[in-house]
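Subject: The structure I promised you

Hi,

Here is the structure I said I would send over. Open it in your viewer and keep it next to this email while you read.

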Amino acid sequence: MNTLNYPYKPIGSIRALALALGTSEENLFHLTQDSDSHYYVVRTEIRPDGSTKLTYDVKPKLKHIHEKISVTLLQKMEYPEYLQGSLKGKCYLSNTRKHTNQKFLICEDATKFFPSISKVIISQIWCSFFNFPHEVADYLSELTTFKGSMVQGCKTSSFLANLALWEREFKLVTSLKKRHLTYTRYVDDITISSSRNISKKEQTKIISDVYSLLRSIGASPNRKKHDTMGNGKRQSVHRVNVNRATPSFNKQVRGNIRAAVFNCEKMFLNGSNTHEYRKLYNSAKGRVCMLTRLHPLEGKKLKSKLQLIKPVRA
C-alpha cells in the first residue's frame, strides 16, 4: 500500500467530534479557548550546531483529548510504506532495510521540522485530507498546536508530522517510483536510493524536488546533513551501514554498546538498587535489543551478561 487513506466517514459537526472524543461540546470549546496554557516544556536540548530543540508535554485535560484524537482518528489511518517514522511496526531499522545494497543514496534532513508546521498546515490536513468541515478542522487544529505551530513530544505530533506533506509527497513518490527510485521519510529524515547509477543532472533535480517539497510547508532543508553516497563508499542511513543486503551497525556503534554493558557490570559491583544504576541498565538493555535485531549472536551474548546484573528492586 503506497497511498494515505482515512477509511471512515468524516466527522461532520462539533457535536459528533465531542462524541468521538468522549467529552462534551462545552469542554472542547473551553480547551480550544486556552489550549496554549496546557503545554509545557519537559526537555531542552542544545544541538551540535548550537540550535535549541524543545520537547513538550501537555497537562492531563488536554493529554486525554490528544490520546483520543490519536486512537480514534490518527491511528485509524492507513499509512503508506514510504512513511517509516513513529508508526506501529516501523522504526529507523525498518527504514534502513528499504535502502540496502543500492548503487546510490541521497539523504536529506529538515531543520526544526515540527515547529515549521503551522496551524494553517494542520488545518489543511483535517479539512482537505480527512474532509472534515472547517469548524471541526479549526477545533482540532487549535487543540494540536501551540502558539500557531506544532511542537514535538505530544501524542498527536508524530502522526500529524507524517501527514503534513501528504498530497505533495505522494506526487513526488509516484514520480520517483516511475524512475525506479525508492523514497522513504522517517519523520524529518528523507532517504532516496537507486539500484542504478544517477547522473549529476538527475541528482540535482531530485534534491531540488525534495527541497521544494519541504519549503511547501515552510520547512527548511538542513544542508549540513545533506549527503550523497555511491556504492564505492560506505553508505549509511541513521548511522546504520546499508552497503550489503542486510543492514549492520558499524564497529564504533557496536563497541559503544559493549562499553555500555561493561559500565553496567562495573556499577553493579557497587550496588544495583540505585536509580542511577536502573537508568544506566535500562539504557544499555534498549541498545542491546537494537543490536540483537541486526547482530543476533553478538546481541545474545550481551543479553546474557545483562541477565546476570539485573537491578535489584527497592
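**What I found**

The protein has 13 helices and ten strands. Keep in mind that this is a predicted model. Along the principal axes, the C-alpha atoms fill a box of roughly 60 × 60 × 35 Å. There are 314 residues in the protein, and 46% of them count as buried. If you take the contacts with a separation of 6 or more, 70% of them are between residues 24 or more positions apart.

**The pocket**

Start with the largest pocket, which holds about 1700 Å³ of space. Its lining is made of 49 residues, and the ones nearest the centre are Lys53, Asp109, Asp188, Asp189 and Lys225. Sorted by class, the lining has 21 nonpolar, 13 polar and 15 charged residues.

Which element gives the largest share of that lining? It is S3, with five residues. Several other elements supply at least two residues each, including S2, helix H5 (113–116), strand S5 (189–194) and strand S7 (227–230). S8, helix H11 (251–268) and helix H12 (275–294) are on that list as well.

In case pairing is new to you: strands of a sheet pair through backbone hydrogen bonds, either parallel or antiparallel. Here, S8 and strand S9 (residues 240–241) run antiparallel and are joined by two bridges. To find one on screen, look for serine 236, whose bridge partner in S9 is asparagine 241.

**Helix H2 and its two faces**

Next, have a look at helix H2 (residues 25–33), where the buried residues are Leu28, Leu31 and Thr32. They cover an arc of only 100 degrees around the axis, which means that they sit on the same side of H2. What about the face turned away from that buried side: which exposed residues does it carry? Those are Glu26 and Gln33. Among the things covering the buried residues of H2 are helix H1 (14–20), H3 and helix H7 (134–143).

Is serine 70 buried or exposed? Its relative accessible area is 3%, and buried means under 20%, so serine 70 is buried. Apart from its neighbours within four places in sequence, serine 70 is in contact with Gln75, Lys155, Thr156 and Phe159.

Now try leucine 54, found in strand S2 (residues 52–58). Its relative accessibility is 34%, and because that falls between the 20% and 50% cut-offs, leucine 54 counts as partly exposed. Leaving out residues up to four places away in sequence, leucine 54 touches Val41, Arg43, Thr44 and Gln152. Leucine 54 and valine 151 are 97 residues apart in sequence, yet their C-alpha atoms are 8.0 Å apart in space.

Cheers

Conventions: Residues numbered from 1 in each chain as written. Predicted model: local features only at pLDDT ≥ 70, side-chain atom pairs only at ≥ 80, totals over all residues. Heavy atoms only, no water. Buried < 20%, exposed > 50% of the residue type's maximum accessible area, 1.4 Å probe, protein only. Contact = heavy atoms within 4.5 Å. Helix = DSSP H or I, 4+ residues; strand = E, 2+ residues; numbered from the N terminus. Pairing = 2+ DSSP bridges. 1 Å grid on protein atoms, 1.4 Å probe; cavity = no way out; pocket = protein on both sides within 12 Å on 5 of 7 lines; lining within 4 Å. Points joined across faces, edges and corners; volume = space filled by probe spheres on them. Nonpolar A, V, L, I, M, F, W, Y, C, P; charged D, E, K, R; others polar. Arc of directions from axis to C-beta.
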